[in-house]
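Subject: The structure I promised you

Hi,

Have a look at it first, then read my notes below.

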Amino acid sequence: MYSKSLETTISAPCWSSVMTGLSEEEHEIHHNEVEDYNIIYSTNFINKIREVNGITSYGIASSWRPMCQIMLRSVDDHIFYDEESVLESDRKVNNKLIDILNQEICPDIIIPYFNNVDMVGHEYGFSINSKHYIDAIEEFDNMFGDIIETINKRLDAKKWLIIIVTDHGGVSLNDLSAKESIQYGESTGCQNVVGGHGMSLLQMQNIFIIVNGIDFKNHYELFPQPTLLDICPTILFHYSLYNRNLNGRSLQLIK
Ligand SMILES: [Zn+2]
């Protein structure tokens, strides 16, 4: 589904909203240099589910260390890979995830995080005209194909809710107007990069959400567009813990 990130297209605010369903104003994570992610810890979906169901959880992250605080601090156990290349870290995440999924009994919730597409976007531009960027997406797509295949071989395959989401989009700075380029430099402090994000331009907010599970039978687009705030309600719905007081919508309820 074509979807929207937060207006602040920066990883820590966006992933914090994914984990909690809270808006940026509510969780107050506005940038990546955050020391205290306590609110994310106390309000995220893993803790909400754990309070009611006896779940086990595991996280696997590649190369961007704040992810361990934002997404992985609440899981029962996690592993962090920081190899020489980001792609190598992503491959280790993928191999670890497949190893876990091949076990007869595996954690109820697994959160893998891949970083290479963002890195390549910064280096070569977030653009369909960038061969490196397209190659990085295809590389991830291949890895994810292996993951889906592994889940499908499991006896409990039909019970799984699979959500693939990214935190934000991005642009090639060449594609920005002169005024936008100056704004980009001022608001992000980044110079001399080919691709970027961090502002509220539509291209930077433009993301996808892919969902698969027993409650999703058709290919369809939603209007208004889903947002990152819908991820948490969607996961809670899977555990029969959805309530309408949440900011976002459960995507299972919109047909
Ligand atoms: Zn980035």
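Two things before you start. This is a predicted model, in which local features need pLDDT of at least 70, side-chain atom pairs count only at pLDDT 80 or more, and totals for chains, interfaces and linings use all residues. Residues are numbered from 1 along each chain as its sequence is written.

Let's begin with the sheet. Helices (H or I, at least four residues) and strands (E, at least two) are DSSP runs, numbered from the N terminus. Three strands make an open sheet in the order E3-E2-E4, with parallel pairing; two strands pair if DSSP finds at least two bridges between them. E3 (77-81) and E4 sit at the edges with a single partner strand each, so one side of each has no neighbour in the sheet. The twist averages 5° from one strand to the next.

E2 is joined to E3 by five bridges, and five bridges also join E2 to E4. Helix H6 lies across E2, E3 and E4, at about 160° to E2. Angles run from 0 to 180 degrees between N-to-C directions, and axes are lines fitted to C-alpha atoms, for helices over the stretch in contact.

How much of E4 is buried? Four of its five residues are. A residue is buried if 20 or more other C-beta atoms lie within 10 Å of its own, exposed if 12 or fewer, and partly exposed in between, with C-beta atoms placed from the backbone.

Now the cores. A nonpolar core is a set of buried Ala, Val, Leu, Ile, Met, Phe, Trp, Tyr and Cys residues joined through C-beta atoms within 7 Å. The largest one has 36 residues, and Ile-70, Met-71 and Tyr-113 touch the most other members. Among the elements that give two or more residues to this core are helix H1 (11-20), strand E2 (57-62) and helix H6 (86-101). Leaving aside neighbours within four places in sequence, Met-71 is in contact with Trp-15, Met-19, Gly-59, Ile-111 and Tyr-113; contact is when C-beta atoms, placed from the backbone, lie within 7 Å. A second, separate core of 12 residues includes Val-120 and Met-199.

H7 (residues 116-124) and H8 (residues 131-152) pack at an angle of about 175°, with axes 9 Å apart. That makes H7 roughly antiparallel to H8; angles under 35 degrees count as roughly parallel, over 145 as roughly antiparallel, 65 to 115 as roughly perpendicular and the rest as oblique. Val-120 is one of the H7 residues in this contact, and Phe-140 is one of those from H8.

Last, some single residues. Ile-39 lies in helix H3 (residues 38-43) and is partly exposed, with 15 other C-beta atoms within 10 Å. Not counting residues up to four places away in sequence, Ile-39 touches His-27 and Glu-28. Glu-28, in the loop between H2 (24-27) and H3, has a phi near 60°, a positive value in a residue other than glycine. Ser-240, in the segment after H11, has a positive phi too, of about 55°. Ser-240 counts as exposed, with 9 C-beta neighbours inside 10 Å.

Cheers

Methods. Contact = placed C-beta atoms within 7 Å.
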